[in-house]
Amino acid sequence: MDERLDSFAPPLGPGFGPELLLQVPPRGGRRQAVEEALRVAIRGGRLRAGTRLPSSRELASQLGLARGTVAAAYEQLVAEGWLTSRSGSGTRVAAGASSPPAAAPVRAAPSAAPSHDLRPGRTDGGAFPRDAWARAMRHVLREAPADAFGRGDARGRLELRTTLAAYLGRVRGVRVDPSHVLVCSGFTQALGLLTEVFAELGVGRAAMENPAVGNHVRVVASRLDVADIAVDAEGMSCAELAASGAGVAVCTPAHQFPLGMSMAPARRAGLLAWAEENLGWIVEDDYDGEFRYDRKPVGALQARRPSRVVYAGSASKSLGPAVRLGWIACPPALLEPLVEAKRRAQPTSPLEQLALARLIDSGGYDRHLRGVRRAYRRRRDLLAEAVRSRLPRTRVLGIEAGLHAILRLPSGVPDEAAVLAALRSASVDVHALGAYLRAPLDHERRPPSLVVGYGTPPARGYRPAIDALVGRLRELGAA
Ligand SMILES: Cc1ncc(COP(=O)(O)O)c(C=O)c1O
């Protein structure tokens, strides 16, 4: 008997049915060999207590033996207490017969999840359009052609690319033909692919907003130099961009992350002029373009110069980050290398792509967005009102859009680290603005600020979360 097989083969869990990997040596008594092979598998933990074995007919046919031989081996093992046999539930490994290999100890989570999760960048999982998504997916499973179950075109399913080109034109003003849409697994994958392509094209340096999402900066910095570009009330500094020597600028024009302002018209013009004069590229991260509350929606920058602006969007805010779908409206000159990079990368589920296309085409996506926009707006209003009335010296910024706000704390409160620690002790989790800045926290130049997400708490938990946040900040002197 080859014991190595049993030490390396994966364990077969309870409920396992007709297949069984069993090595029976070619010589010697057949029945004894089957018995011994099963004993080894059970003793070693590969066949666990409760696992159903194939019927004697099935196993005999898999092993090329007579059915009676396997039936006799089963009977013997039942008599020895290795197996149980009951009519209706078949032959199973007896309780206590197997000794599963010791599992590696699972490390406990560092700390219990806070009861008030106000971290930014997250959505309300309870608002996910389960029924509409299930209907769309059922439709796809019923109607999709056979090739939808393969890896598919590296650019993504034509159905979704066609739908997205129309949707992005209608809602964000994006100008793109379906042949120049590339579907990927969220914005993060898109940014990774773009970084690869820019590096291949000889771009050495990328300009990135400071502050920005740390993970996005890490993705870009894996292949390119990153120049930190300051952001003020109007958006990214064009003067710093011009002086940076960068060949690509990555930015969030519709809603700066995390500060929340939209890029002023003069800056947008400056950014486009920079791209034109320097043959530079602009990556427009339009991560929450659908969530604009007070002002008229700001259209995509891409519409002004589709040949130099790479527009990138994501379903992570509109539906939820569990749906790993993002898209790029690609300038013609980047299409080929980008598709090639995607071909080398992790594919994006064609079934989910078709489900999103169906959701958009059926009107379900727009309906869902109308509903969540209303709900998030109410949350935002409640946060802004609580701060205005109970923390009059604290300012709420960046709330025209999105799912988070900046709370700029007044002088006299402790530094950001101390504020975060005090909030955590009240079970409130938020982020400090300093976590998104690529320079040490400087209290002389910048008042401590918090980035507060209002997407995550469940509907009933939202008011208590805001009360806990505001109450603790009052104790810290932010009133
Ligand atoms: C600034 C920003 N861009 C893009 C995204 C979307 O990233 P992804 O599509 O990889 O989830 C997020 C997070 O949702 C974000 O905060």
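In strand E11, Ala329 is the bridge partner of Tyr311. Before I go on, please keep in mind that this is a predicted model.

Tyr311 belongs to strand E10, residues 309–314, so let me stay with that strand. E10 is mostly covered, with 6 of its 6 residues buried. On one side sit Val309, Tyr311 and Gly313, and on the other Val310, Ala312 and Ser314. E10 and E11 run antiparallel and are joined by 4 bridges.

E10 also pairs with strand E9, residues 281–285, this time in the parallel sense, again over 4 bridges. In that pairing, Val310 of E10 has Val283 opposite.

Back to E11, residues 326–329. Strand E4, residues 181–184, pairs with E11 in the antiparallel sense over 4 bridges. Ile328 in E11 stands opposite Leu182. E4 is covered on both faces: Val181 and Val183 are buried on one side, Leu182 and Cys184 on the other.

Now the helices. H7 covers residues 186–200 and H8 covers residues 214–221; they pack at an angle of about 25 degrees, and their axes are 9 Å apart. Angles under 35 degrees count as roughly parallel, and H7 and H8 are therefore roughly parallel to each other. The crossing of H7 past H8 is right-handed.

Which residues make the contact? From H7, they are Thr188, Leu191, Gly192 and Thr195; from H8, Asn215, His216, Val219 and Val220. By class, the contact of H7 with H8 has 5 polar, 3 nonpolar and no charged residues.

Methods
Residues numbered from 1 in each chain as written. Predicted model: local features only at pLDDT ≥ 70, side-chain atom pairs only at ≥ 80, totals over all residues. Axes fitted to C-alpha atoms, helices over the stretch in contact; angles between N-to-C directions. Helix = DSSP H or I, 4+ residues; strand = E, 2+ residues; numbered from the N terminus. Parallel < 35°, antiparallel > 145°, perpendicular 65-115°, else oblique. Left-handed = near helix turned anticlockwise from the far one by under 90°. Contact = placed C-beta atoms within 7 Å. Nonpolar A, V, L, I, M, F, W, Y, C, P; charged D, E, K, R; others polar. Buried ≥ 20, exposed ≤ 12 C-beta atoms within 10 Å, placed from the backbone. Pairing = 2+ DSSP bridges.
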